[in-house]
Amino acid sequence: MKTKLSSKADGSKESQLIVVESRTKAETLQQFLGNEFDVVATVGHIRDLPQRMLGVNVRRDFEPLYVVPPERLNLVNDLQNRAERASLVLLATDPDREGEAIAWHVAEACRLDAKKTRRVEFHEITKTAILRALEEPRAIDENLVAAQQARRILDRLVGFELSPLLNRKIKGARSAGRVQSVALRMVVEREREIRAFVPDEWWSVEGRFSAHESSGSSFNAMVIGVPDKLDISDEDSANQIVEQLQSESYTVESVKSRERQSRPSAPFTTASLQRASSNRLGLSPSQTMRIAQQLYEGVVVADGNRTGLITYMRTDSLNISNEARTEVKGFIEKRYGEDLYPDKPNTYKTKSRNAQEAHEAIRPTSVNRTPEAMEEHLDPSQRRLYSLIWRQFVSSQMVPARLRTVTAIIAPHLASNAPYKFRSSTTEIVFPGHFVVSKEDGSVEEKNRAILSLSDGQQVLAESVEGIQHFTEPPSRYSEAGLIRVMEEEGIGRPSTYAPTIRRINDALYVEREGRALRPTKLGEDVVDALVEFFPEVIDKAFTRRMEDNLDSVASDNTDWIQPLSDFWDPFQQDIQRAKTDMKVVEATYEKLGEDCPECGLDLVWKRSRKGNWFIACVGYPDCDFSRGYGLATGIICPDCGDGQVVERRGNLRGRTTKFFGCVRYPDCKYRSNKRPDGDDD
């Protein structure tokens, strides 16, 4: 069924109603389609489960009770009136399960006439994509709606039962969730691995060499064992080797080279975009998704027109449309040369479990909108993220770079059975390939370039030989990007849940950020310990992964959505009852401020309110109720003193309340800024 305008008896044309989620998206579509279409935004969900009650009848096959919030009733009435006047209602919400569910809720809440209601789906907000979608309307996908409904109900069952229980048993605990608690457990377990780690000492012997005929051109080399691998465990062993080698003369025994290819990386998925944005741009996952949403929904470009600059940003697919592949081929050949486009187009296979292959990877809607061309139309954050996405996509369709690695073996003038030699290597670019786009300077990290001029039999001078002490390193804390990687690999959550999950465990004060690393708080560890003891299945990665698989089956092949909930609910209820009886109450622990209470003389301690505000209070509460406010915790170490934490505070400037960030060690540390040190001003 193709959408077309119908005529009234007087010859005028009836308009069609298009429903989307966001105002920006509505503005972009309205611009493309003109006044013959009436485009309205729901601004998110139009109805949901009630906030203050379970809202699920577990005795009637988990029947949900959906309600329209009072503040949304006017919108529902308005949509109903517009729908009655329209010849056709097109539900153009986002192309994923959440969007499908929103479309279904709009149809149900507004009692839309099924005979004139259709679903349209597009993965980029450009005029071409919109017009094509209008030519291919379809019915609402009931399987996708069922999968989203099952996930929503499951999350409600877990959160509604667990959160109040934890709040009663663990002082300060605020929430628990099917996905967030598993993510928190990974952060806690990694922290405990770090604490339990015992470093092992090891040594290396390294030399600094220069060729006699090229004074000033030197390179580093490391001792290797001949013929066996060298294992230097202590300083005495290293010193013995140094004594043998530091007065020797040396000759280049061999110089060998080999070429290898560096293949381009795949275009971005949601998870890989969030990781790259965190690592390269320093943006949090929430920031990344907020900015990507702006680029997707539409940005004003040339001539004041608005268009979407990237495809839909919640995806785990690596597919590329034929149209996009054709366009990027022409762009690469024209701008960079025909030799930089492969004979056969590059394709990529996702490693994500249950990826939605019908979707596309994240890419620019047109590669001809280069970052340079878009620079004046985007704010700084948008420019940086758009450039990252554009470069990743274009480079993903280019030929590999070719690298040459040169390795030199330096031998001392000892007997032929000498047990030690030195090895050094360097890498140079033979053919840049995708590096011309993927690496802004088109280079690779280079060191020891001097060995490129070495030849077999050449004498070299040892400028120094020394032993260097090392220790094995503990596993590193998860960064937000690292945690997202593991969630994706383990099948925990979906692309749309990664950023909200990390935000929740931050907001609940279960973790703190130290730089880019996530460190669990004492509260977070207490929550995990309680959940592991009483709800081992809920907080188990394998269980969460199986549940995601079950929900994916519901979405793809009409599997019954009630059965997975039923299998979960009965044992979960038994665990809840046991925890209510047996779970121990955990009192909060507080860090001492180092000052005495001015009212009773006991210690003053740092505390945090349920909203996350730092304040200083007497440890003798409730007998002594002295306290003074401080600010909202950010989990960021002060960039000036490196000791205290940065808190968000409120001050008065010319009669207005204004936000600023300062160090908790004030007045000893006077750090102050109008912006968060990590740039995340969400």
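Reply: Let us begin with cavities: a cavity is a set of grid points where a 1.4 Å probe fits but cannot get out, and its volume is the space filled by probe spheres set on those points. The model here is a predicted one, and in it the second largest cavity has a volume of about 40 Å³.

Me: How many cavities of 30 Å³ or more does the structure hold, and which residues line the second largest cavity?

Reply: There are two cavities of 30 Å³ or more. The second largest cavity is lined by His45, Asp48, Tyr66, His105, Gln148 and Arg152, a lining that divides into one nonpolar, three polar and two charged residues.

Me: What are the overall dimensions of the protein along its principal axes, and what percentage of its residues count as buried?

Reply: The C-alpha trace spans about 100 × 80 × 60 Å along the principal axes, and the protein has 18 helices and 23 strands. Of its 682 residues, 51% count as buried.

Me: How should I read salt bridges, and how many does the count come to?

Reply: Side chains of opposite charge can pair when their charged atoms come close. In this model the count comes to 37 salt bridges. One of them joins Glu63 to Arg60, with the closest N and O atoms 3.6 Å apart; Glu63 is partly exposed because its relative accessible area is 37%, whereas Arg60, at 56%, counts as exposed.

Me: Which parts of the chain are linked by the pair Glu323 and Arg132?

Reply: Glu323 and Arg132 form a salt bridge whose closest N and O atoms are 3.9 Å apart. The pair links distant parts of the chain, since Glu323 belongs to helix α10 (residues 322-335) and Arg132 to helix α4 (residues 127-134), 191 residues apart. Another salt bridge is formed by Glu490 and Lys541, with a closest N and O distance of 3.7 Å; Glu490 lies in helix α14 and Lys541 in helix α17, so this pair ties together parts 51 residues apart in sequence. Salt bridges also link Arg97, Asp316, Arg494 and Asp552 in a network.

Me: Which residues make the nonpolar surface patch of about 230 Å², and where is Val67 placed?

Reply: Met53, Leu65 and Val67 make that patch. Val67 is placed in the loop between β4 (63-64) and α2 (73-85), and it counts as partly exposed because its relative accessibility is 30%.

How values were computed: Residues are numbered from 1 along each chain as its sequence is written. This is a predicted model: local features need pLDDT of at least 70, side-chain atom pairs count only at pLDDT 80 or more; totals for chains, interfaces and linings use all residues. Side-chain values use heavy atoms; hydrogens and water are left out. Patches are made of residues with over 30% relative accessible area and no salt bridge: like charges are joined within 9 Å, nonpolar side chains (Val, Leu, Ile, Met, Phe, Trp, Tyr) within 5 Å. Accessible areas come from the Shrake-Rupley method with a 1.4 Å probe; for residues, only the protein chains shown count as cover. A salt bridge is a side-chain nitrogen of Lys or Arg within 4 Å of a carboxyl oxygen of Asp or Glu. Helices (H or I, at least four residues) and strands (E, at least two) are DSSP runs, numbered from the N terminus. Buried means under 20% relative accessible area, exposed over 50%, partly exposed in between (1.4 Å probe, protein chains only). On a 1 Å grid over the protein atoms alone, a cavity is a set of points where a 1.4 Å probe fits but cannot get out, and a pocket is an open set with protein on both sides within 12 Å along at least five of seven lines; lining residues have an atom within 4 Å of a point. Ala, Val, Leu, Ile, Met, Phe, Trp, Tyr, Cys and Pro count as nonpolar, Asp, Glu, Lys and Arg as charged, and the others, Gly among them, as polar.
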